[in-house]
Every structure is written in structure tokens, then in C-alpha cells.
Amino acid sequence: MIKIRDHNELFKQPDYQEQFERKKEFEKPWPKEKVREVSDWTKTKEYRDLNFKRENIKINPAKACQPLGAVFCASGFDGCMPFVQGAQGCVAYFRSHLSRHFKEPFAAISTSMTEDAAVFGGLNNMLEGLENTYALYKPKMIAVSTTCMAEVIGDDLNSYIKTSREKGVIPEDLPVPFAHTPSFVGSHIVGYDNMLKGILKTLSEGRSGEPNRKVNIIPGFDTYTGNYLEIKRLMALMGVEYTLLADVSETFDSPNTGEYKLYPGGTPLPEAMDAVNALGTIALQKYSTVKTMDYIKKEWNQQALTLSPIGIRNTDTFFEELSKLTGKPVPAAIEAERGRAVDAMVDSHPYVHGKRFALVGDPDQLLGMISLIMEMGGNPVHIVCTNGDKHFEAEATELLASSPFGVEGKVYINKDMWHMRSLLFTEPVDLLVGNSYAKFLVRDTGTPLLRIGFPLFDRHHLHRYPIIGYQGTLNLVTMIVNTVLDEMDRNTIDTTSFDVIR
Amino acid sequence: MSTAIKDTQKMIEEVLDAYPEKSKKERAKHLAANDPSGQCSTCQVKSNVKSRPGVMTVRGCAYAGAKGVVWGPVKDQITVSHGPIGCGQYSWWSRRNYYNGQTGIDTFGTMHITTDFQEKNIVYGGDKGLDGALHELKELFPLAKGIGILSECPVGLIGDDIEAVSKRVAKEFNYPIVPVRCEGFRGVSQSLGHHIANDTIKDYVLGKGTLDTSTPYDVALIGDYNIGGDAWASRKILEEMGLRVISQYTGDATINEIAIATKAKLNLIHCYRSMNYICRHMEEEYGIPWMEFNFFGPTKTYDSIRKIAAKFDEKIQEKAETVIAKYKPVMDEIIGQFRPKLEGKKVMLYVGGLRPRHTIGAYEDLGMEVVASGYEFGHNDDYKRTYPEMKEGAVIMDDATLYELEEFTRRLKPDMVGSGIKEKYSYHKLGVPFRQMHSWDYSGPYHGFDGFPVFARDMDMTVNSPTWDLIRRKK
């Protein structure tokens, strides 16, 4: 049988290596010495200073745009079709991006605006778009957000949706919440926030009535479907009735039954409508829920708490506050989970204590990870947050200052992974935490990578394992310690230190 | 009209019934039963027109065509996504246009570089920031051979003059700064982006490179983006034929290679849709003839090798036969190994560029039949080239929607579907074997004699994976 070589092996073969050499005659590349010289220079302090001086260009940034967060949020409501007013390429990109991370189908609509809409506005696109969407995909709700095109030309969603109802292209009673989500403001976490606020506003209108005993849980821009299942399990253990707003767990992790469901799950609309009557609302992320939580505090007259349960102490606080809010005690089963997670941390601490970490990602995840790493005796050193604001900078800095393990930590907001490259060359660390694109930093600097965050394109199923609660903390600890041990094996393979018991 | 055509037309009508009247009338023009003879007047699809709002088109935009397809793979130029953050983020190294070089030093392919527009750029314009960005890039990446500015939607809407900035800075830097007006709202799909990108190659780069020597056997390999190393596998064949590939467009390409294509004796184009414009231009301006070829599957590859060789002297023609004689036994063995497992399997394709027609032969080499095929952003000339490749009554789709793809799958019951990432996982849920035929599902190459074994292996693992049988279907 013939050995089949794909790209992984094929291009290492001598015939291809010779081809690449021959091709240089036409490429006119720089001399090898020149490339080496510049390559070495990019690793210096001088280059780092130059790199940190730039103000007009982002290089390998770790953030996406508002409408991505909006369609992600919208897809977490039962029967809801995310609908984006603007040029069509954006929606093609959102769908691809989310599918690449979750390995799941993702449906969203574009109104396919082109040059004529740029001149005359997008009303006709909205009218035909809503009519077609309703006829073909039979949604229970259509959640409208915008691309930068619709924002720049100033499309008025409120009046367009009103006109659509007047013209009868959609039924009078179909909920059509909307949010303006310009991609030149904030990032995907802000888009999530704006869309969620829009949806809750629409659904809760006129629904204020008898208080129920439920707690609303807002996960935020959380791309770990395992976290949603974990929160459901924990609420059941606590005996707390709850509503997840928005529940994307089935949208992005539905069982294979030989059937494609356009709307595989999500928060049932009647429950979302009743959220206004809950005991209180807990957001599991802060920076992706700022406006929503402000709205809930002001308009729903509820307790609104932000509690991010990543790491032991954060999870402790989460359960204490949940217990206070509901009057339900934390059951022994959860206490036992805590004990197991702590036991694991005690057992693994020698491999994490004193290890230096660099982290890049979204604000809330970074805060959780900093906290957990310090609980293990690790040292967060470089914290890069492309979409972090001043509030995040202050909060993260304060968190670092709260522990002797955080003294070396420095927070860089509005910086990117090319900045991180300079940091890793000039002040090396032992471990890097980031999304799949951080693998290019692995290639350049040799720092081992823990894949945590979004997007995760190059490893499968990581998002199915929770990183919140005590169980999630245990998962993170397992990943951290085993990454250290894998690296140790790689580095000692030729030595006597290649130990079998660790 | 034959029964096969009539039956397919009836099926199409049923599928269209769900649409509101206006969109139904519109969509009807884009779906047809195939007539290979080209006699049937109702069997021609309409194409390259606007997608209907709200139907869930699979299409992308001009930026995707210009940045993602044409300019993005050029390795020693810095490609700037000029505008808000998203476009560059979502198209970041997603097409796997392989290249050799040290990224961030002398090549820039796997990087996402953007001006990250903020509200102030919308209000006050982005030209000043762009000027600053170009200077910062020049300092940080001194070995870059040029910079491309790929415009996103707002740039065209707020009236920025990126051409003026480019012109000024290009003089200062003494290398090409290429302003590409590929705002996503322009045109109806990726296709216009290809055209715009081709035009900028013509205006800013073409004819400005250096080639030390020339031979009568100099060719350019055009419209190959080196996805999973495709262009390298094609290049290998051309070189073994005795040809000298002086330029590769645009997979693993350098600015110099793009510039010297005008010195080729013949332009060989694989993806006609995305790069025919530059070939036509070189024909008109430089008198360089061009020809289409197809390196998918042995039958089409042998055929193409002979057609290419016929453009040269006997020496090349002899070598061409030697190349075919060398690889034919290997190809026959691959077919012998995989055909029994794939014989008679039905394939549905919905892709872009050249694939809806060019891969048909490769499937047929494995005994498979393409029963439906369609283009995201094809034009009339693409469809004309497709009709003769397919059987009578096969389904031809233009700019298909999620709804239509699902309905055709239900009715045609293909054994596998080849389409994109947005379609992939809904087919997995349906339990229909699926292969991404844009990115080769992270495999490849699929071109040439080194690509076909990988193609055959991949189609076999797709159709015959035991995982499909684990799905427990609801009764």
C-alpha cells in the first residue's frame, strides 16, 4: 500500500525542500544574515520600547467586535433568530468564527445591505429581511443588532421595526428586541451586554407582577458550554430555582440525534419574561454585563450581584452570597467538592508555586485566572487585555496587590499579543495562558501555552469542561499542573530527571 | 425536455414554495436542473446578483475576497485590515495559505494587523491614524516589502482618502503601499473583492519586479492560494514538465513574484473566478496568452498536463508524457485502493471559486457522482463551464441559502456533502458525511499527484467513518 503523506509530512521531503530553494530566485528574499539580525533585534528591550510606543496600529489583538457578542447572546433564547442589519460579510464571519470554536452549527441572518442601502438607508433591507426570516425560519423572536455599516449611515432600528409591524411583514406580537452594536466601540463583550439589555427590556415590558422565588443567572460572554451545565447542576444541588439569561448551552452543544435543529434550546421566552419578578440577579461576569446589570438594578428593583466563581475564594463568595440571597444553605455535597478541589491544589502546589505566568484574554476571565494562580502560589507577571478598560486595569492591579504572589504583576490594557511577544522575550515566564492565536507566541518564544479563553480553534472540546465553581477550579488546576509536567518531560527527555513519579 | 430535467424542476418548485412571493420569484432564477447540452432555455441559472435580505445567504463580502483570498496570502507584504476590529479577527489565518519565511520578520501571513477604528475615527476620519500606522509598521517591520491597506465598510462611508495617504507614504518608504477599496458593502459577494484586488495588483505592483534571466519555458501559476500546500504540489508537476515557474499567485507569493508575472510566456490559471481579470489584463497589455487548467484528480491532471505541454515544444511534450508515465501507476494504485469503497456514492457540492466544477473529475476518478453543485459567488461564465461537466437533471444552485441546502439534502439524499464551515456542523447533526471543501478540512494538499492520494483518503474517511453509524436517530 502506498504511504499517503499530507501537508504535515509531505513538504518536509527533499523534493519539496529543493523546490523551496529554487523558488527563492524569483522571490528575491532578504539575505539570511539580515533576517537573523532583525529577528534578534525584535527580542531586545530596544524593540520592546519601540513596540510599546505605537498608537495607531494593533498587531494580533485579542478581541472581536460588538455584533459577534450580540448574535452570541441572542442565540441563547429559545426560538430566537439573531438578525443583523448591515453588510452580509459580517454575518458570514460571525457564523464561521463561532462554528470554528464550538464545532457546532450557528444560524444568523443578514439583511445584505449594499451600495444602494448606503445611499438610501437600510429600511427596505430590514423589511424584506424580516419578512423572509419569519417565513423561512419561523422564529419565536428576532433579535436585531447592527454592523458598522448600518451604524455609520445611521439606520434607526426602533423606527424600522415599527414600520415593519405597520406594514405587516411580521406579526404584531412577535418580540423583536434590538441593540445598536457599532464595531468601532468596545468589543464583543460590550455587544453581548447591549443585546442582552435590549432583549430583557423588550421581554420584561409590562411583565412586572407577583414576585417569584427564582434567581436570574447571567453567565456573560462565556464560551464554555460546560459552565452552563455546571451552573445548572450547582443550582439543583442548592435547591435554588433559577433562570439562565441567556442559556447558549444547547445552541453550542446539542446532542447528535440525526436531526438538525435550527433552534436547539435556549432560555424559554416565558421564563425570560418572568425574570423581572425574580428574587435577584447574579452576573457571573462583570465587564460583559455592565449596562444590563445597571438596568436591572434601576428598572427591576432587584438585588443585582456580580460574582465570578473562578478559583476557590471567588467560588466561596459566590455560594455565600447565593445563600444569603435565597436563604438556602450550601449543601454538604458542594462543601465536599470544595474539599476535593483544595486537596488537589495542595497535592499539586510544588509544580505551580513560584511559576511565572503571562495571561491574555477577556477581562473577567483574566481576573478569575489571576486569583486562582495566586491561590496556587503562582505569580501572574504579564496581564494583557486588549479589550480591558480603566476600571478593569484598576481592579486587576488591586487584586495583584492583595497577595504577595502578585507583586510582579503588571496589567496592560489596550495592548495586544505583539506587545506580549516583547514582554515574553525581555521578561520570560514559565507559562502562557491565552486563546489559540497565542500559539504564535509559543512558536516565537517557546513559552508553553495553556489554552483558556476564546476562540479555541486548534484543540477540540475544551469548552465542554467547566472552569467555574469548585469542579471548574479542579479542571483548571489539572490543566495547569499537567501542562507544567508535560513541559518538564519535554525538557528532561535526555536526562535522568525524566521521572516516572511526580 | 427529458424526464430527468422535469423531475428536478418539480423538486425545485416544491422547495421554493416556502418563500414569500417576491423572494420566491427571485430565488427561482438561481436554481435549475442541469442540461449539459445548453439547449434548454430554462436551465440556465442567474448569478452574480444581490442576495435577498433575510434568507441566510452563505456569501461573504468584497473584503473577504480581497483580503481573505487575493492579497492575504502575499507573504512579504503587511496586510492591514483598515477599519474596526472584527473583519481582520474573523479572517485571521483561516484559509491556511501556507508559506515559507520567518513570520513577523520577513513574512507576515499568520498575523492580524488592524487600525482598530474607534468612534473618533468615524467622526474625524481615519487618514491621520492610517498615516501614523504605516510609519509604526515601517519601524517595527523593516524587512516588509510593501503594505496593503484593505478597507472595511466605514472607510468608504466616511469619505476617507486612503489613496492620497498611500501615495504620499509610498514615496517616502520607496515600496508599494496598496490602497484596496474592498469595503464589504461593495458589490454582491466576495467576487467584486477579487476584481478590486486584481486591479490594485495591476496598478501598484505588476511589471515592477526584477527577473535576472528569461527562458522560453517561463510560466506563471495563477489563482492558486496554496491552501494546505496546493500550489507547491502543482508547481512540482510544472517543474517536472521542464517549465520554469517564475511567479506564483498569490499562495506563498512575494511582491517580486507578483511583479514579474509579466515576463512569463504563458499564464496558467487555476481559479478562473478570482484571477481571470489580471490574466486578461496581461494578455491585452503584454500579449501574454493564458489558459485554464485543472489539477484535481488524475484524469483532469493528465489532460491538463498535455494541454499545457501543447503550448510548448516537443521537448516539453516528451517530458509531459514522462511525468504522466511516472505517476500513472501510483494514481492507479490509489484508485484501486479507494474506488471500491466509494463507487456509486453521490456527492453534493456547494462551494466557491473553481471547486464546484474543478473537483467533479476527481470525484469521478473515485467512482463518485456529483448530483448537485453550486457556487456562492459564481458568474455566468462559471456556470457555462459547469453545465457540460454534470449529468442531465443534476441540481445547479447559485447563492443557495441554508434552507435550500437542507431541503435539497433531504430530497437528493447525497452520501456526502462538500461545503464550508458554516454548513459543516448542521450536516454532522443530520448524520450526513461532510467535508469542508474550502479549507480541505485542515488537510491537503488536494492538487496534483501528491494531492490526489490525500483527497482520496479524506473522501474515504468522510463517507466511511464508523462514527456515522453511532448516531441513534429518533424514530
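Is Asn301(A) buried or exposed? At 68% relative accessibility, Asn301(A) counts as exposed (buried means under 20% relative accessible area, exposed over 50%, partly exposed in between, with a 1.4 Å probe and protein chains only). The model is predicted: local features need pLDDT of at least 70, side-chain atom pairs count only at pLDDT 80 or more, and totals for chains, interfaces and linings use all residues. Residues are numbered from 1 along each chain as its sequence is written, chains are lettered from A and ligands numbered from 1 in the order in which they are written, and side-chain values use heavy atoms, with hydrogens and water left out.

Asn301(A) lies in the loop between α14 and β8 (303–306) of chain A. Helices (H or I, at least four residues) and strands (E, at least two) are DSSP runs, numbered from the N terminus. The phi of Asn301(A) is positive, near 50°, in a residue other than glycine. Arg96(B), also not a glycine, has a positive phi of about 50°. Arg96(B) sits in the loop between α4 (86–90) and β3 (113–114) of chain B. At 8% relative accessibility, Arg96(B) counts as buried.

On a 1 Å grid over the protein atoms alone, a cavity is a set of points where a 1.4 Å probe fits but cannot get out; a pocket is an open set with protein on both sides within 12 Å along at least five of seven lines; lining residues have an atom within 4 Å of a point. Grid points are joined across faces, edges and corners, and a volume is the space filled by probe spheres set on the points. Ten cavities of 30 Å³ or more are counted. The second largest cavity has a volume of about 180 Å³. Its lining has 19 residues, with Gly361(A), Asp362(A), Asn435(A), Gly453(A) and Phe454(A) nearest the centre. The largest share, three residues, comes from α17(A).

Asp362(A) is found in the loop between β9 (356–360) and α17 of chain A. Asp362(A) is buried, with a relative accessible area of 15%. The side chains of Asp362(A) and His188(A) are joined by a polar contact of 2.9 Å (a pair of N or O atoms within 3.5 Å; within protein, one must be able to donate a hydrogen and the other to accept it, and residues adjacent in sequence count only if both atoms are side-chain atoms). Asn387(A) is 25 residues from Asp362(A) in sequence and 6.7 Å away in space, C-alpha to C-alpha.

Helix α17(A) has 13 residues and reaches 19 Å from its first C-alpha to its last, close to the 18 Å expected (1.5 Å times one less than the number of residues). Twelve of its 13 residues are buried, so α17(A) is largely enclosed by the rest of the structure. Just after α17(A), Gly377(A) takes a positive phi of about 90°.

The second largest pocket holds about 960 Å³ of space. It is lined by 37 residues, of which Lys58(A), Lys63(A), Asn414(A), Asp116(B) and Gln118(B) lie nearest its centre.

Two cis peptide bonds are described here. One runs from Phe454(A) to Pro455(A), with omega near -5°. Another joins Gly444(B) and Pro445(B), with omega about 0°.
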